[in-house]
Amino acid sequence: MTRRSRPDDRVYRFLTRTGLLLRRLFGIRVIVTGREHLPAAGPLNGASRRAVPGTGAVIAITHFGYLDFAFAEMLLWRTSRAQLRFLIHQGAADHWLARPVVSAAGHVIVPHGDRSGTYDAAVAKLRAGEYIGILPEAGVSRSFRVRECRTGAVRMAAEAGVPIIPVSVWGAHRLLTRHHGFSPFRAWRAPVRIHVGEPLLPEQLPGNGAGPFPDRSGAIHAATDRLRAVLQSGIDTATADFPLRPGSGSWWMPAHLGGGAPSETERQQMEEAEGPRRARGGRIRHSTP
């Protein structure tokens, strides 16, 4: 077995503060609405908040670019001094540079094969009061609209009896996304818009936290569709008052707003032409159960 480091809050704090420092260096403006839906600050454990059983949540984040998760993570840290644990794919976790960092930051490793242990570990963390970050879309959305979501966020939240907090991030994809690498020019004083939607409470989820339930239940899919709609509503809110005016046909704007991104139909056709994702290598790998 691959040796793993023990979780160390100091590593998490270092990584988060490094991200905040880079944001300041580039003068990135983060505009947040819906902050009242984020968890309240709990008791301190050193410089961060202590996990309290019954207070955890699934943080569902949109996935238009490769930095969306980082802005959501920094927001939770600055608002609640709470640590956000992500589900990290085994391939990324085994990289020689990432391996000690991923383990020390307390993230959950998603193996290549049987993922039942990962699911159980994530649910246990939620019940213990941890916050689990999930990108419920099945990969980066090239249309820059919220694409189909997997049911993992709903299933884990319902089984653990915790809410789902939807976090829609707009503008971070301009900094780094698929086929568009990082550009210091675009990053300089760039705006990033975040909208935190109204949480899906445990009593609104299938099973009401009572325990496991069938994966393909119509109620699970209905709740997942609702989560997708709330995330898209957050994106609509963010684009409506985004401070940067795009040019005609801008690549980072969705087609329905006059941008140059693929339409939803074109996005689906492109994905069908590429074929299914592989467990190892190839297309971008997701880590949502």
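Tutor: A residue is called buried when its relative accessible area is under 20%, exposed when it is over 50%, and partly exposed in between, with a 1.4 Å probe and protein chains only. The structure is a predicted model, in which local features need pLDDT of at least 70 and side-chain atom pairs count only at pLDDT 80 or more, while totals for chains, interfaces and linings use all residues. Residues are numbered from 1 along each chain as its sequence is written, and side-chain values use heavy atoms, without hydrogens and water.

Student: Why is helix H6 described as largely enclosed by the rest of the structure?

Tutor: Helix H6 covers residues 152–160, and because nine of its nine residues are buried, H6 is largely enclosed by the rest of the structure. Among the buried residues of H6 are two with charged side chains, Arg 155 and Glu 159. Helices here are DSSP runs of H or I with at least four residues, strands are runs of E with at least two, and both are numbered from the N terminus. Just after H6, Gly 161 takes a positive phi of about 75°.

Student: What makes the phi of Arg 81 and that of Arg 189 worth a remark?

Tutor: Most residues other than glycine have a negative phi. Arg 81, which is not a glycine, has a positive phi of about 55°, and it sits in the loop between H2 and strand E5. Arg 189 likewise has a positive phi of about 55°, in the loop between helix H7 and strand E9. Arg 81 has a relative accessible area of 31%, so it is partly exposed, whereas Arg 189, at 55%, counts as exposed.

Student: How do you know that Glu 130 and Arg 85 form a salt bridge?

Tutor: The term requires a side-chain nitrogen of Lys or Arg within 4 Å of a carboxyl oxygen of Asp or Glu, and the closest N and O atoms of Glu 130 and Arg 85 are 3.3 Å apart, so the pair qualifies. This pair links distant parts of the chain, 45 residues apart, with Glu 130 in the loop between helix H5 and strand E7 and Arg 85 in strand E5. Both Glu 130 and Arg 85 are buried.

Student: Why is Arg 147 called buried, and what is its salt-bridge partner?

Tutor: Arg 147 has 4% relative accessibility, so it counts as buried. Its partner is Glu 271, with the closest N and O atoms 2.7 Å apart. Arg 147 lies in the loop between E7 and H6 and Glu 271 in helix H9, 124 residues apart. Glu 271, at 12% relative accessibility, also counts as buried. Arg 147 and Glu 271 belong to a network of salt bridges that also links Glu 148, Arg 228, Glu 264 and Arg 267.

Student: What makes the lining of the largest cavity nonpolar?

Tutor: A cavity is a set of points on a 1 Å grid over the protein atoms alone where a 1.4 Å probe fits but cannot get out, and lining residues have an atom within 4 Å of a point. Leu 38, Ile 59, Ala 72, Leu 75, Leu 76, Leu 84 and Val 167 line the largest cavity. Ala, Val, Leu, Ile, Met, Phe, Trp, Tyr, Cys and Pro count as nonpolar, so the lining divides into seven nonpolar, no polar and no charged residues. Helix H2 gives the most to this lining, with three residues.

Conventions: On a 1 Å grid over the protein atoms alone, a cavity is a set of points where a 1.4 Å probe fits but cannot get out, and a pocket is an open set with protein on both sides within 12 Å along at least five of seven lines; lining residues have an atom within 4 Å of a point.
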